[in-house]
Amino acid sequence: MNNKLELYILGGGPAGVALSYYAHKNNIDFKLFEATSQIGGNCRTITDGDFKYDTGAHRLHDKDEKVTKLIKSVLKEDLLKVSAPSQIYLYSKKISFPLQLNNILNELSWNDLKQIVFENTFNRIKPQKTFDNFRELAYKRYGKTLADLFLINYTEKLWGTSADLLNVRVSGDRLKNLKLSSLIKKNILGSKYKSKHLEGSFYYPKHGFGTIFESLKNGIEKNICLNSPIKKICHKNNFIKEIRIGDKKTIKVNQVVSTLPLNYFIKILDPPPPEYILKIIKSFKFRSLRICVLFLNIKSFSKNASIYFPDKKIPFTRIYEPKNRSKYMAPTNKTCIVIEVPCDKKDQIYSMNENKFFKRIKSTLFDQKLLNPSDILDQSSIKIPYAYPILTSDIDNKISSVMKYLAVFKNLKILGRNAKFEYVHVHNLFFDSNILINKYT
Ligand SMILES: Cc1cc2nc3c(=O)[nH]c(=O)nc-3n(C[C@H](O)[C@H](O)[C@H](O)COP(=O)(O)OP(=O)(O)OC[C@H]3O[C@@H](n4cnc5c(N)ncnc54)[C@H](O)[C@@H]3O)c2cc1C
């Protein structure tokens with residue numbers, strides 16, 4: 001091995017860019033290899049004429065002081081503090097999200113309300129701390145009625161998996177403080193009540209979420225190799241020796257950090273890993289996302305940051321309107337909406353031709369009376385093949401076996417959402433990147 005430290009970062013999504021930023025700051029030589037022509041991974045901002053939109057409803061959660069400070073220092077006045085409410089659209093009813101007591105009292109039936117109070121009082125008398133799967137967590141923490149109305153359908157649609165088989169970690173910070181007791185406290189304390197969930201106010205860059213990564217790239221462009229898909233990882237004696245970029249170029253490597261999807265990384269190892277690892281990896285599934293973007297000849301579609309659709313008859317889970325995050329995302333008298341359709345790569349809706357896909361989404365919006373056909377100016381669609389790792393309740397032992405196997409490579413580290421098969425957010429990736437880079441210094 002060459003003794004001079006050189007870091008080879010595989011993948012230019014948020015994790016790869018954060019690693020590059022901290023490596024540069026710590027005077028560590030590095031090269032980043034990104035398969036596509038743009039950095040940002042699943043957090044890109046796309047410009048289409050006068051409109052801008054992100055590849056999914058992204059926002060910077062203000063959950064890590066140091067990370068927020070870093071991004072503020074880079075974007076300066078281009079980082080906006082946004083406070084926009086969200087909504088749940090359920091059987092033609094629009095319910096505020098995070099749930100609000102008065103809204104729930106108005107929108108739900110007397111029977112449902114009685115059940116919710118009864119179940120939540122019972123849960124408080126017999127609180128449970130550990131849960132085997134998401135359904136158990138949702139029922140025990142929020143009561144069956146509240147969970148069935150707002151959590152179970154939505155979660156099953158998002159992950160494409162029964163709530164009985166989903167890991168409790170899929171709830172992330174989304175559900176914190178959504179308990180009935182929190183609703184009551186919030187009603188009494190008003191703005192003094194500090195909530196821990198991820199809805200409400202957040203930071204957002206003036207020109208789209210992807211500009212965080214584009215801005216961090218400034219000054220380190222020469223170390224970033226775009227259009228450089230990693231095709232093979234050659235190893236010997238517990239060291240990664242070489243990586244193959246594209247079909248022809250092979251380079252020797254020193255220290256490697258992979259942010260590539262875990263199953264892909266394992267599959268391109270040469271020589272291949274033991275059979276038991278290949279077998280585990282086969283069971284790892286990623287959820288894909290197909291996004292439909294509609295450009296509208298109206299000033300505003302809604303006032304919401306996001307609108308959630310738990311009803312399984314509706315093919316999408318969420319609509320977001322970029323303009324409600326920053327007015328610079330669309331012209332003054334026009335807007336656009338981004339509609340997220342979670343699916344599997346083998347689902348018909350993922351592979352159907354664009355016209356059919358647009359027709360399917362638009363007809364749902366027209367049927368629900370959420371949009372008029374005459375308001376649509378144009379449309380676009382994007383496919384995101386590795387949107388989320390599907391965390392099933394039996395995943396932890398499998399991940400730890402794979403990580404144990406990868407730990408034998410002395411010059412390899414793994415970081416990133418799909419690389420570690422973790423349900424993490426951008427601020428977590430910056431935090432982890434900083435820690436990892438400090439280990440090399
Ligand atoms: C719809 C949606 C909404 C989200 N909302 C939020 C939010 O509001 N806030 C938040 O903090 N997080 C959010 N997230 C999560 C966030 O997008 C991820 O945490 C983040 O993108 C993970 O970054 P990453 O670098 O680990 O992986 P990725 O973003 O997947 O990046 C991986 C990179 O590796 C590249 N790559 C893949 N294969 C190769 C190869 N063979 N060779 C070279 N390069 C390769 C890819 O092109 C990509 O650029 C959301 C995610 C989705 C899908």
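A nitrogen atom of the ligand lies 3.5 Å from an N or O atom in the side chain of His61. In this predicted model, local features need pLDDT of at least 70 and side-chain atom pairs count only at pLDDT 80 or more, while totals for chains, interfaces and linings use all residues. Residues are numbered from 1 along each chain as its sequence is written, and side-chain values use heavy atoms, with hydrogens and water left out.

A backbone N or O atom of Ala35 is 3.1 Å from a nitrogen atom of the ligand, and one of Ala57 is 3.4 Å from an oxygen atom of the ligand.

## Shell around the ligand

Taken alone, the ligand exposes 1000 Å², and the protein buries 92% of that (Shrake-Rupley method, 1.4 Å probe). The ligand is surrounded by 34 residues (a heavy atom within 4 Å). Glu34, His58, Arg59, Arg417 and Val426 are the closest.

By type, the shell holds 16 nonpolar, 13 polar and five charged residues. Ala, Val, Leu, Ile, Met, Phe, Trp, Tyr, Cys and Pro count as nonpolar, Asp, Glu, Lys and Arg as charged, and the others, Gly among them, as polar. Elements giving two or more residues to the shell are α1 (14–25), β19 (376–389), α14 (417–420) and α15 (DSSP runs: helices H or I, at least four residues; strands E, at least two).

## Packing of α2 and α15

Helix α15 (residues 426–440) also packs against helix α2 (residues 65–75), at an angle of about 95° and with axes 9 Å apart (lines fitted to C-alpha atoms over the stretch in contact; angles run from 0 to 180 degrees between N-to-C directions). The two helices, α2 and α15, are therefore roughly perpendicular (65 to 115 degrees).

Val67, Leu70 and Ile71 in α2 meet His427, Phe430 and Phe431 in α15 (heavy atoms within 4.5 Å). Of the residues in this contact, five are nonpolar, one is polar and none is charged.

Notes
Angles under 35 degrees count as roughly parallel, over 145 as roughly antiparallel, 65 to 115 as roughly perpendicular and the rest as oblique. A polar contact is a pair of N or O atoms within 3.5 Å; within protein, one must be able to donate a hydrogen and the other to accept it, and residues adjacent in sequence count only if both atoms are side-chain atoms.
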